[in-house]
Amino acid sequence: MPMTWSSAGPSSGSAQAPLNGLSVDVEDWFQVGAFETVIDRGDWDGLPCRVERNCDVILRLFDDAGVKGTFFTLGWVAQRYPAMIRRIADEGHEIASHGWDHARVFTLGATAFAEDIARARAVLEDAGGQRVTGYRAPSFSIDARTPWAHEVLAEQGYAYSSSVAPIVHDHYGWREAPRFAFRPVAGADLIEIPVTTAEVAGRRMAAGGGGFFRLLPYPVSRWAIRQVNSVDGRPAVFYFHPWEIDPEQPRVASAPLRSKFRHYTNLTVMAAKLERLVRDFRWGRMDELAAGQMALALPADTVLEKAA
Ligand SMILES: [Zn+2]
């Protein structure tokens, strides 16, 4: 049954509004893909960490709005800040995996990927005291080049992945992937829930967070999520990073200009935008959203063929 959008606006009280997935990709300012050519992994331990302070700001923001979400966290971060992971879990949020140290999936082979996510999961479960059943690939790096990645996730018993951007972007993207939940591995329960895109004049545009949310005026994002909820009748998947609410973070002077523009623009207005976003829609944990999408997720061989 198609969802209808009430013109009264925020529908947090409406039984008809889909539960959207609110997610935070927990990594620090120096771990982002855009800076990987100028900051060596070997130097990470010497850089000032901001992630704990920033996650505490996010926890307050979520608590004030009365929303729960999913924190896709690097094993590297959980190993250094186990008390922070426990605080997040104790406040009712889901702890999920963002891999060990932000290596993109297509730079790893199946064996290295299996080791990367197993290592991260052990540390996350130990710190959070809850089972980890969700995974998000760094920089949405599961795509047509990595058919083995979903198989590894299914083998390791994950319930869902939210690792595909069904769009072409200069850093990532899998154009032929479906926009909504699908079953990537035949015979397995695992579902993939791609990050949200909106369709405009027959073209897909990124609409699930990142630069789209931070750089463009808030009503553009609000419109896109309403479209997904009302026209598509499906939940949206939204993500952001702790460093995006941190105007005080150290500046990486040697980064490419375009990366710097994307990374540093609108950091001061991000928190206020998020406060509007979390109040304008119904939000919840990704594992809740996944449970609701199970019955709707079609096998990949049907949906990928149709889109090709
Ligand atoms: Zn990330």
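Morning, everyone. One caution first: this is a predicted model.

Let's start with the metal. Which residues give the zinc ion its protein donors? There are Glu27, through OE, and His98 and His102, both through NE2. These donors lie 2.0 to 2.1 Å from the zinc ion. If you want to find them in the sequence, look for the spacing E-x70-H-x3-H. So where do the ends of that pattern sit? Glutamate 27 is in the loop between strand 1 (20–26) and helix 1 (51–65). Histidine 102 is in the loop between strand 3 (94–97) and helix 4 (110–128). That pair links distant parts of the chain, 75 residues apart. Both glutamate 27 and histidine 102 are buried.

Stay with histidine 102 for a moment. Its relative accessible area is 5%, which is why it counts as buried, the cut-off being under 20%. Its backbone deserves a look too. Most residues other than glycine have a negative phi. Histidine 102 has a positive phi of about 70 degrees, although it is not a glycine. Serine 139 also has a positive phi, about 50 degrees, and serine 139 is not a glycine either. Where is serine 139? In the loop between strand 4 (134–135) and helix 5 (147–155).

Next, salt bridges. Side chains of opposite charge can pair when their charged atoms come close. How many salt bridges does this model have? The count comes to 15. I'll take three of them.

Here is number one. Aspartate 246 forms a salt bridge with arginine 53, and the closest N and O atoms are 3.8 Å apart. This pair links distant parts of the chain, 193 residues apart. Aspartate 246 sits in the loop between strand 10 (237–240) and helix 8 (257–264), while arginine 53 sits in helix 1. Are the two partners buried or exposed? Aspartate 246 has 0% relative accessibility, so it counts as buried. Arginine 53 is partly exposed, with a relative accessible area of 39%.

Number two is also on helix 1. Arginine 87 forms a salt bridge with aspartate 56, with the closest N and O atoms 3.1 Å apart. Arginine 87 lies in helix 3 and aspartate 56 in helix 1, so this bridge ties together parts that are 31 residues apart in sequence. Arginine 87 counts as partly exposed at 28% relative accessibility. Aspartate 56 is partly exposed as well, with a relative accessible area of 23%.

Arginine 179 and glutamate 199 meet through their side chains in a salt bridge, 3.8 Å from N to O. Here the pair is 20 residues apart, and again it links distant parts of the chain. Arginine 179 is in the loop between strand 5 and strand 6 (182–183), and glutamate 199 is in strand 8 (residues 197–200). Arginine 179 counts as buried at 8% relative accessibility. Glutamate 199, by contrast, is partly exposed at 42%.

Now back to arginine 53.

On to the surface. Where does negative charge gather? There is a patch made of Asp63, Asp64, Asp90, Glu91 and Glu275. Take glutamate 91 as one of its members. It is found in the loop between helix 3 (82–90) and strand 3. Glutamate 91 is partly exposed, with a relative accessible area of 32%.

Tyrosine 160 comes from strand 5 (residues 160–161). At 0% relative accessibility, tyrosine 160 counts as buried.

Glycine 187 is found in the loop between strand 6 and strand 7 (191–192). Is glycine 187 buried or exposed? Exposed, with a relative accessible area of 90%.

To recap. The zinc ion takes protein donors from Glu27, His98 and His102.

Notes
Residues numbered from 1 in each chain as written. Predicted model: local features only at pLDDT ≥ 70, side-chain atom pairs only at ≥ 80, totals over all residues. Heavy atoms only, no water. Donors = N, O, S within 2.8 Å, 3.2 Å for Na, K, Ca; no water. Helix = DSSP H or I, 4+ residues; strand = E, 2+ residues; numbered from the N terminus. Buried < 20%, exposed > 50% of the residue type's maximum accessible area, 1.4 Å probe, protein only. Patch = residues over 30% accessible without salt bridge, like charges linked within 9 Å, V, L, I, M, F, W, Y side chains within 5 Å. Areas by Shrake-Rupley, 256 points an atom, 1.4 Å probe, with all protein chains shown as cover. Salt bridge = Lys/Arg side-chain N within 4 Å of Asp/Glu carboxyl O. Lys, Arg positive; Asp, Glu negative; His and termini not counted. Charge placed at Lys NZ, Arg CZ, Asp CG, Glu CD.
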